[in-house]
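I opened my notebook for a first walk through a new structure. Here is what I looked up, entry by entry.

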Amino acid sequence: MKMRLSLVLNPLTDSTLRLAKQIGVTDIVGGMHTSEKEPVWELLPLLRLKNEVADAGLDLTVMEGAPPMEKAKLGLPGRDEEIDHFCQSLSNLGQAGIRIVCYNFMAGLGWLRTSSSTRGRGGARVTSFEYDSIRHARPTKFGTLIEEQVWENYAYFMEKVLPVAEEAGVNLALHPDDPPLSPVFGIARIFTRMEAFDRALEMAPGKRHGITFCQGCFAEMGVEIPKAIHHFGDKGKIFFAHFRNLRGDAYKFEETFHDEGDTDMFAAMRAYHEVAFDGPIRPDHVPEMEGDPDDRPGYTIQGRLYAVGYMKGLMDAVDAVTCGNGAAAFKGR
Ligand SMILES: [Mn+2]
């Protein structure tokens, strides 16, 4: 099994780093605050973060929550300056030895849910979404955008960013739109179907242009997950994976524990193995469990401990099945 078990830590502290190490995680997915005043991921803070994680015996391999790119997504004046900042951040990532950035092209609004207090198994709080509640929503302050405009904006962005990523040796891992529907609040979303990723990768070809395979988003699209993993993974285009389960489809779904949603998680894990996926994989959106604080839907610590344990179990099971010898797979663990 070549893939690397990873985790977002919020907060990232000595204590949470130890916890991650204790449960067998190898890679940490970092984030760094940016603002209008500080729009670049600077080299020194990146190095300090990388070193803090390394000192805990772990490897910071991915950054999520890219530097500001709202103007680029919306195609507004000022986007060139913003794209310059993004490019500077990429060069800094490369210098700091952080090789993957997970970004998305959802303009105006990020991932959205209509509830973060739905009750899942045993009363665990999960997030959920119902398109009917926002179907007739009016546009927000971001106005309206049609799909071809967003495509143009993506092409413009990639034309400038991809050569810098190639130069810096940083993989651009595009995350799908969540939920994969268009438009929402008047703004078109384009990364809502498998074909959209093919189009993007063809439009801006390059070995540093790939995807974050967010299993939840692809499940919302209604695609067969192992098939989709093969579709992108066989071409080496999965740079990063979000392991997630849910019940329903793009129009109405709720998040679940990893072991109980609609997706066959063993088949998914097996597919990553079959395509020789060797990047980081992390649990995504977990239920908020008894004793968890209720201020970070999808990212509570106990929910993630449970998810990581489940993922490790699946990884061992896949190893055992594919080696044809259960005992051999467990050697050296
Ligand atoms: Mn995701």
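**Entry 1: the metal**

I went to the manganese ion and found it coordinated by H175 (NE2), C214 (SG), H242 (ND1) and D284 (OD), at 2.2 to 2.5 Å. Donors here are N, O and S atoms within 2.8 Å of the metal (3.2 Å for Na, K and Ca), and water is not among the atoms, so sites may look incomplete. Along the chain, I wrote the spacing of these donors as H-x38-C-x27-H-x41-D. C214 sits in strand β8 (residues 209-214) and H242 in strand β9 (residues 238-243), so this pair ties together parts that are 28 residues apart in sequence. Helices (H or I, at least four residues) and strands (E, at least two) are DSSP runs, numbered from the N terminus.

I noted the cut-offs: buried is under 20% relative accessible area, exposed is over 50%, and partly exposed is in between (1.4 Å probe, protein chains only).

**Entry 2: ground rules**

I reminded myself that this is a predicted model, in which local features need pLDDT of at least 70 and side-chain atom pairs count only at pLDDT 80 or more, while totals for chains, interfaces and linings use all residues. Residues are numbered from 1 along each chain as its sequence is written, and side-chain values use heavy atoms, with hydrogens and water left out.

**Entry 3: the whole chain**

I then stepped back to the chain, which has 11 helices and 12 strands. A compact globule of 333 residues would have a radius of gyration near 20 Å, and the 19 Å of this chain agrees with that. That radius is taken over C-alpha atoms, and the globule rule is 2.2 Å times the number of residues to the power 0.38. The C-alpha atoms fill a box of roughly 60 × 45 × 40 Å along the principal axes.

How much of the chain is buried? Buried residues make up 52% of the 333. The chain exposes about 14,400 Å², and carbon and sulfur atoms supply 50% of that area; the areas come from the Shrake-Rupley method with a 1.4 Å probe, and for residues only the protein chains shown count as cover.

I also checked contacts, meaning heavy atoms within 4.5 Å. Among those between residues at least 6 apart in sequence, 73% join residues at least 24 apart.

One runs from N10 to P11, with omega near 5°, and P11 is in the loop between β1 (4-8) and α1 (14-22). The other runs from D178 to P179, with omega near -5°, and P179 is in the loop between β7 (171-175) and α6 (194-203).

F185 also belongs to the loop between β7 and α6. F185 is not a glycine, yet has a positive phi of about 50°; at 22% relative accessible area, F185 is partly exposed. A276, also not a glycine, has a positive phi of about 60°. A276 lies in the loop between α9 (265-274) and β12 (280-283) and counts as partly exposed, at 38% relative accessibility.

**Entry 4: some distances**

Which residues does S89 touch, leaving aside its neighbours within four places in sequence? I found P39, V40, W41 and P67. S89 is in helix α4 (residues 79-96) and is buried, at 2% relative accessible area. The C-alpha atoms of S89 and E42 are 6.5 Å apart, although 47 residues separate them along the chain.

A137 is in the loop between β6 (125-130) and α5 (147-168) and is partly exposed, at 28% relative accessibility. From A137 to G186, 49 residues along the chain, the C-alpha separation is 7.9 Å.

L47 counts as partly exposed, at 28% relative accessibility.
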